[in-house]
Amino acid sequence: MNMKKIVLTLVAMMAVTVSFAKSNEADKRFDMSCDIYRLSVVLDLDERQMDAVEDIHDKFTSEMQSLASLEGPQQRFRIHQTVRKEAHQMRQVLNDKQFRDYMRILMVTLRNRHL
């Protein structure tokens, strides 16, 4: 009887660990945080642009993190909406070259995270 309880406890612990690991991997995929200073150097942002980009990107990061719990077509649709919203906001802050560079970085990041 005790051996049966031990085995069942181990199985339950393994199941919880595996489900936690899977949800943690999904959360990592949706973590879009980045070093704003490095981004500002790459994009050659001035101080005003840097503050605006940081605000926009913080909102984007939190919205993307909230999408980790969704699945299927609804998740893909919401990701698309969120990316378009951020792109629209960034377009208002960045010049043409900065915006192209930013979108290139964002698209590579999304592709690398299979989003």
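**Exercise 1. How many helices and how many strands are there in the chain?**

Before you start: this is a predicted model, where local features need pLDDT of at least 70, side-chain atom pairs count only at pLDDT 80 or more, and totals for chains, interfaces and linings use all residues. Residues are numbered from 1 along each chain as its sequence is written, and side-chain values use heavy atoms, with hydrogens and water left out.

Step 1: Know what to count. Helices (H or I, at least four residues) and strands (E, at least two) are DSSP runs, numbered from the N terminus.

Step 2: Count. The chain has five helices and zero strands.

Step 3: Write down the order. Starting at the N terminus, you get α-α-α-α-α.

**Exercise 2. Work out how α3 and α4 are arranged, and which residues join them.**

Step 1: Two packed helices are described by the angle between their axes and the distance between the axes. Axes are lines fitted to C-alpha atoms, for helices over the stretch in contact, and angles run from 0 to 180 degrees between N-to-C directions.

Step 2: Read them off. Helix α3 covers residues 47-66 and helix α4 covers residues 72-93; they pack at about 175°, and their axes are 10 Å apart.

Step 3: Name the arrangement. Angles under 35 degrees count as roughly parallel, over 145 as roughly antiparallel, 65 to 115 as roughly perpendicular and the rest as oblique. So α3 and α4 are roughly antiparallel to each other.

Step 4: Look for contacts, meaning heavy atoms within 4.5 Å. On the α3 side you'll find, among them, Ala52, Ile56, Phe60 and Met64, and on the α4 side, among them, Ile79, Val83, Met90 and Val93.

Step 5: Sort by class. Ala, Val, Leu, Ile, Met, Phe, Trp, Tyr, Cys and Pro count as nonpolar, Asp, Glu, Lys and Arg as charged, and the others, Gly among them, as polar. The contact of α3 with α4 has nine nonpolar, four polar and four charged residues.

**Exercise 3. Is leucine 43 buried or exposed, and what does it touch?**

Step 1: Buried means under 20% relative accessible area, exposed over 50%, partly exposed in between (1.4 Å probe, protein chains only).

Step 2: Leucine 43 is part of helix α2. Its relative accessible area is 3%, so leucine 43 is buried.

Step 3: Skip neighbours within four places in sequence, and leucine 43 is in contact with Gln98, Asp101 and Tyr102. Leucine 43 and tyrosine 102 are 59 residues apart along the chain, yet their C-alpha atoms are separated by 7.1 Å.

Step 4: Zoom out to the helices. The axes of α2 and α5 come within 10 Å and cross at roughly 130°, which means that α2 is oblique to α5.

**Exercise 4. Which residues touch the most other members of the largest nonpolar core?**

Step 1: A nonpolar core is a set of buried Ala, Val, Leu, Ile, Met, Phe, Trp, Tyr and Cys residues joined through side-chain atoms within 4.5 Å.

Step 2: The largest one has 25 residues, and Met64, Leu94, Tyr102 and Leu106 touch the most other members. At least two residues of this core come from each of α2, α3, α4 and α5.

Step 3: Take methionine 64 as a case. Beyond four places in sequence, methionine 64 contacts Phe30, Met32, Ile79, Thr82, Leu110 and Leu115.
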